[in-house]
Protein chains: 2
Amino acid sequence: MIHRLTLSDVLAEHARSRPLVTAVVDGEVRLTYPELDARVTRLADALAARGVAAGDRVLWLGRNSHAVLELLLAASRLGAVFCPANWRQSTGELAFVLDDLAPKAVVWEESEAAAPLRGDDWILMGAGYETFLAGGSGGSGGSADGDPGGTSDPGGGTGDDTGDDTGDDTAPVLALYTAAFDGRPAAALLSSAALVAHSVSLLVVRQMEPGFTFLNSGPLFHVGTMMFCLATLQIGGTNVFTPAFDAEEVCRLVEAEKVTQAFLFGRMIDEVAEANGDGRYDLSSLRFVSHSAAWDAMTTVDDSPWCRSKMGGYGQTEVGGMLTFLGLAPGAAGPAGRPSPLVQVRILDPDGREVPAGEVGEICARGRSLFSGYLNRPELTAARIRDGWHHTGDLGRREADGTITFVGPRLRMIKSGNENVYPAEVERVLKTHPAVADAAVIGVPDDRWHQVVKAVVVLADDAGPVTAEDVAEHVRARIASYKRPRHVAFVEAIPKKGFTPDYDALDAAHGGGGYPGG
Amino acid sequence: MIHRLTLSDVLAEHARSRPLVTAVVDGEVRLTYPELDARVTRLADALAARGVAAGDRVLWLGRNSHAVLELLLAASRLGAVFCPANWRQSTGELAFVLDDLAPKAVVWEESEAAAPLRGDDWILMGAGYETFLAGGSGGSGGSADGDPGGTSDPGGGTGDDTGDDTGDDTAPVLALYTAAFDGRPAAALLSSAALVAHSVSLLVVRQMEPGFTFLNSGPLFHVGTMMFCLATLQIGGTNVFTPAFDAEEVCRLVEAEKVTQAFLFGRMIDEVAEANGDGRYDLSSLRFVSHSAAWDAMTTVDDSPWCRSKMGGYGQTEVGGMLTFLGLAPGAAGPAGRPSPLVQVRILDPDGREVPAGEVGEICARGRSLFSGYLNRPELTAARIRDGWHHTGDLGRREADGTITFVGPRLRMIKSGNENVYPAEVERVLKTHPAVADAAVIGVPDDRWHQVVKAVVVLADDAGPVTAEDVAEHVRARIASYKRPRHVAFVEAIPKKGFTPDYDALDAAHGGGGYPGG
């Protein structure tokens, strides 16, 4: 298997090739690649002692931390699967994840929602995690021989990875829960091979180089931040972690660590620009897409294809992040671009035939960065991966110049903040309220969140007095708070098309709009 | 197999995504990606009709042509293996290749050396090749229905590639003969997966973008030119072909096609600069490494990592081209740099143990771009690929900063022009001369060729009068002309170390030097 390259292999090579490069910065923590490699080896040993073996799952419930990257790399070293889950979910949603994932080890940050589910053996982020890691036998930090962190290993501290192990880079290593088309979240499984392939596509389009420093300022349970974290690892750059987005802290870290790129979009960029309104932080290391006069003046406008005109493209968790890039289609009309160099894309009709250019069909993909299916969901996997192609569930169109335009989800989706909200899931919760006879959910434009959820509700004949607040609180108590209705309209009846709500009519009557791709 | 990506798949996607982009320019020939795709489909059909099936070999004997790329892509479509061989070899060397490769189809350019070997069914480059291709049933060009080149296919002319085929991207698709460590050339087999991986590593380091235009001005039977041809294909750029290097023609093509990069090095660059001494050609599209004041003034100095300081790194055919890049090690002391993002490198002692930083060992590699072994040479393959690592046969050293310095070949090699010459091969031929009792070969520095071959010869006691010209001609008639001695010294005895020549003593006595890595 001379062709193998797992995430663990990538780290091992960096430990050899970049002994002096800072891999990770997180508060007081600063680790070179050999130091990170030695910690990952110890962590893998500690997890193995806990019973984690190839194929087993490890769960992270918490905010951003270098521990997320360490756990992913340790999982790769063991052939296990790491899942950073959305800690902002409700207790019920977290219970579903625990049941579905059945993790052999859980590392968590104290939180109200997770506390009722806590197992005796859960590892608490911070000191608890350090104690757990120090118990591993892979290197220093309490080991009997006092070896100072593998630095005495002439090969660069790669520990007992002799290169003769049988790691499989096509086995899943990362599980990311994706939003619920059918009302139940599903964990998309991504292999080392897919993640490495996606990373190099980002290296190509973002023109990442040695010295690239990424500030993980978005949540790592989303592919949007994770994909840049991994691409930064791939090129041997520096990953800086901050627990969650805070405009002032972003300014401080960009200056202190000479950050090249941070996970920022839309309103977050404005907040950072405002926080640095007096220019007291030097943000010039940040190479970013042009955004506003104030922002462009304090940062460096980047000329890579990723940033050259409009940033981005089309993607989803199931393709490892990005499937198409605007940067590969200079001058493209639509908001999608051209495929990454490592994938193929076809626009198919419901019978699996390629539709002519100019017509809308489902965006289907194959190639190196694609996922391996969903955990525990053979039917859903079979529904999405058919005839050798992944069916994204999104609609698109080839233009005459071959570029792809993202039209919108095949099933209706609301985009609130950076979160996907599926009406079906919220409607199901609404209908569990005793006073609700029927309900439909639409998205309405919002200055801060791009869209927010609006519920259109029919009350039962025998219902007592029910307020909009009652309805919203009913949802908030059961699923993630960003899914709760910010607006509620009470109506006599929901317009229908067959058995499903007539969403176009509801949008027209209740101010809906701003849907992704629209 | 949603993760598959063969070279044929790359072409099929470009035909969809880049219908208006010029894929190929070669004299009067200009092909868009859909046109190239349609021709490749027809060519594959014609080859299949000739009996070429998965695993079979197709041989090219000729100078550069777009047909080289077409044959490689058609081989990929069929699961076959394409070999562009060195047409500058002697009849005897070509006979060895024919015997070793046992090709099912040969496309050739009329040449003195190949003529005696010609088979009845050999396809002559040019009109013969066009007639052969037109006989394929994959599209237009003589097909009964008069379909104009697949352009009526709404999917972009991908012909009957439904995406449901069972192509294996880990199967060999390209065979490149490498120089003879043991006196016999061996064909390194490279898969689509390896070639695609190598291409993206070049995309990353060279920061290739849409619109990249590469002039294939070096021989395509060498990985040095082929790797840029394939990277240009990968990013959907334009490949321009010229039969062989000619300074004036390079100037003309750079201006006419707005070439971004050409295969030029050392003396070739000076010749191009001289040919454009009066500045009558606009070469400003060429983005190149800084070379000389005259050159820098007529081209654009490129700032990508590939060109930023010194160009290059360390590589060989068996790793797909480049293994390490100077561009990934800004400020590196030695001439090698750091590994591509898709490989691992270890410096091993003869027992397979990693040597400490600062010590010399054999450069060993594993990862996505590596070859699959040698055709018909299981012993050689087993000798080179051991314990999961490819042993390059080259010596290197890790520096304290983790960068790799290429020290030189484990076995002595002469670099003449861009060609590798192994003393053992030339010595073997010398010793077949009836007047030669013993011989050794060294490299001596040369202004034009970097090194040329010098033979140190002991004549037999009963030898008649023999001149240096006699000796050189004896070699020239039997192996490639660049291997012939340009200098001959007659001596009484060859100094030995055990059974082998004492090359250091020979170098000292006869002006040897300039060896790669020295």
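Visitor: Which residues of α1(A) meet residues of α3(A)?

Guide: In this predicted model, A:Leu7, A:Ser8, A:Leu11 and A:Ala12 of α1(A) meet A:Leu72, A:Leu73, A:Ser76 and A:Arg77 of α3(A), where contact means heavy atoms within 4.5 Å. By class, this contact has 5 nonpolar, 2 polar and 1 charged residues.

Visitor: Why are α1(A) and α3(A) called roughly perpendicular to each other?

Guide: The axes of helix α1 (residues 7-17) and helix α3 (residues 66-78), both of chain A, come within 7 Å and cross at roughly 110°. Angles of 65 to 115 degrees count as roughly perpendicular, and α1(A) and α3(A) are therefore described in that way.

Visitor: What makes the pair A:Arg368 and B:Asp169 a salt bridge?

Guide: The closest N and O atoms of A:Arg368 and B:Asp169 are 2.5 Å apart, and a salt bridge requires a side-chain nitrogen of Lys or Arg within 4 Å of a carboxyl oxygen of Asp or Glu, so this pair is counted as a salt bridge. Between chain A and chain B the count is 6 salt bridges.

Visitor: What is the area buried between chain A and chain B?

Guide: The area is about 5,100 Å², and carbon and sulfur atoms give 50% of it. On the chain A side, A:Ile2, A:Arg16 and A:Arg368 lose the most area to chain B, together 14% of what that side buries. The contact takes 64 residues from chain A and 64 residues from chain B.

Key
Residues numbered from 1 in each chain as written. Chains lettered and ligands numbered in written order. Predicted model: local features only at pLDDT ≥ 70, side-chain atom pairs only at ≥ 80, totals over all residues. Heavy atoms only, no water. Axes fitted to C-alpha atoms, helices over the stretch in contact; angles between N-to-C directions. Helix = DSSP H or I, 4+ residues; strand = E, 2+ residues; numbered from the N terminus. Parallel < 35°, antiparallel > 145°, perpendicular 65-115°, else oblique. Nonpolar A, V, L, I, M, F, W, Y, C, P; charged D, E, K, R; others polar. Buried area = accessible area lost by both parts, 1.4 Å probe.
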